[in-house]
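Please view the sequence and structure first.

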Amino acid sequence: MARIPAGEGLGNVVAQPQRAAGMVPGASGEQIGQALGQAAGGMLDQMERQARAQAIADERQRREAEAQRKAAEKAQANARMLATQDDLALLHDDIADGIKTGKIAKDQAGAEWQRLASERVTQAVEGVPQDYRELAQSSLQHRTQVLGRGITKAVTQRDQADTLAAVNQTLEYTIGRAS
């Protein structure tokens, strides 16, 4: 017949120590700490390198944008100055023609030129970016002075033409009376 155990062997079981999962045999807390520190330090170094690289890229991008902005402003200033120089040349031609045809009085031509040229230069300089205003102002004033000499020359030519006409008229009168 079969026997039913009556609790025999109970209590004889003793808890056996078990090894913890993931532990390296012979590893001490100091070695584990060093390994974790090195891993964390490596990650921090990598993050710092990435942050520096990003800062350098941002600075490069900012400088490129600044250079593009300045180039655009310079191009705008040059275009404005060239347009104004053309405008001054046309104004010069109109006044010189007016002097030669008598539409503009010789004694008022210089003042008229200065007034109109000054207005055009002032308007042009207002549209030039701040960094280039001084250059534009001096360049356009120089151009105004150069063209102003052309106005003076037109007045002188008109005086010579008037003098020649007066001499011819006097000669015609004198010759006409003598005959």
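## Basis

Helices here are DSSP runs of H or I with at least four residues, and strands are runs of E with at least two, numbered from the N terminus. The model is predicted: local features need pLDDT of at least 70, side-chain atom pairs count only at pLDDT 80 or more, and totals for chains, interfaces and linings use all residues. Residues are numbered from 1 along each chain as its sequence is written, and side-chain values use heavy atoms, with hydrogens and water left out.

## Val155

Val155 lies in helix α3, residues 133-178. Its relative accessibility is 16%, so Val155 counts as buried (under 20% relative accessible area; exposed is over 50%, partly exposed in between; 1.4 Å probe, protein chains only).

Beyond residues up to four places away in sequence, Val155 touches Ile99, Lys106 and Ala109 (contact: heavy atoms within 4.5 Å). Ala105 sits 50 residues from Val155 in sequence, yet their C-alpha atoms are 9.1 Å apart.

## Helix α2

Helix α2 spans residues 106-126, 21 residues in total. From first to last C-alpha it reaches 31 Å, close to the expected 30 Å (1.5 Å times one less than the number of residues). Its buried residues are Ala109, Trp113, Leu116, Ala117, Val121, Ala124 and Val125.

## Nonpolar cores

A nonpolar core is a set of buried Ala, Val, Leu, Ile, Met, Phe, Trp, Tyr and Cys residues joined through side-chain atoms within 4.5 Å. The largest has 17 residues; Leu88, Leu91, Ile95, Ile99, Trp113, Leu140 and Ile151 touch the most other members. Helices α1 (29-101), α2 and α3 each give two or more residues to this core. The largest share, 7 residues, comes from α2.

Leu91 touches Trp113, Leu116, Ala117 and Arg120, not counting residues up to four places away in sequence. A second, separate core has 5 residues, including Ala77, Met81, Val128 and Ala136.
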